[in-house]
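Here's a quick tour of a protein chain you can follow on screen. Have the sequence and the 3D view open side by side as you read.

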Amino acid sequence: MPIAIGLAAGVASGLLGVGGGIVMVPLLTAFGGFDQHRAHATSLAAIVPIAGVGAATFAIAGEIDYPVAGLLAVGSLVGAPLGARFMARSSEAALTTMFGALMIAVAVYLLWP
């Protein structure tokens, strides 16, 4: 099952530019028997090679804006530890609700013309 979940996350990341966590976290909780905290943490660990392969593919095609990517990385390197600490202190219910709310907000934004 983990390979199938990784395959789905990789395809979604490469095709749609979404973070693999949007695919992996729900699949790990629904089909992998993971609680929300473990699913988030596992997804973060798995996204490193997924992002590397995707970035290399787009780099070969000349599609990366490196200055913007660098600035995004700087912000993310500061934000990721803060988010991870906040996640570790959040209850399972709160984390599930926050994740679901984010997915709904993104869906509404993308579907609203």
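**A serine under cover**

S43 is buried, with a relative accessible area of 5% (buried means under 20%, exposed over 50% and partly exposed in between, using a 1.4 Å probe and protein chains only). You'll find S43 in helix α3, residues 36–60. Keep in mind that this is a predicted model: local features need pLDDT of at least 70, side-chain atom pairs count only at pLDDT 80 or more, and totals for chains, interfaces and linings use all residues. Residues are numbered from 1 along each chain as its sequence is written, and side-chain values use heavy atoms, with hydrogens and water left out.

**Around S43 and A69**

- Setting aside neighbours within four places in sequence, S43 is in contact with G20, G21, M24 and V25 (contact means heavy atoms within 4.5 Å).
- A69 sits in helix α4, residues 66–89.
- With a relative accessible area of 32%, A69 is partly exposed.
- From C-alpha to C-alpha, A69 and A94 are 31 Å apart in space, and they are 25 residues apart in sequence.

**How α1 and α2 pack**

- The axes of helix α1 (residues 2–16) and helix α2 (residues 20–31) come within 8 Å and cross at roughly 155° (axes are lines fitted to C-alpha atoms, for helices over the stretch in contact, and angles run from 0 to 180 degrees between N-to-C directions).
- That makes α1 roughly antiparallel to α2, a label used for angles over 145 degrees.
- On the α1 side I5, A8, A9, A12 and S13 take part, and they meet G20, V23, M24, L27 and L28 in α2.
- Sorted by class, this contact of α1 with α2 has 8 nonpolar, 2 polar and no charged residues (Ala, Val, Leu, Ile, Met, Phe, Trp, Tyr, Cys and Pro count as nonpolar, Asp, Glu, Lys and Arg as charged, and the others, Gly among them, as polar).

**The whole chain**

- The protein chain has 5 helices and 0 strands (these are DSSP runs, H or I of at least four residues for helices and E of at least two for strands, numbered from the N terminus).
- Along its principal axes, the C-alpha trace spans about 40 × 35 × 30 Å.
- Of the 113 residues in the protein chain, 16% are buried.
- Take the contacts between residues at least 6 apart in sequence: 44% of them join residues at least 24 apart.

Methods: Angles under 35 degrees count as roughly parallel, over 145 as roughly antiparallel, 65 to 115 as roughly perpendicular and the rest as oblique.
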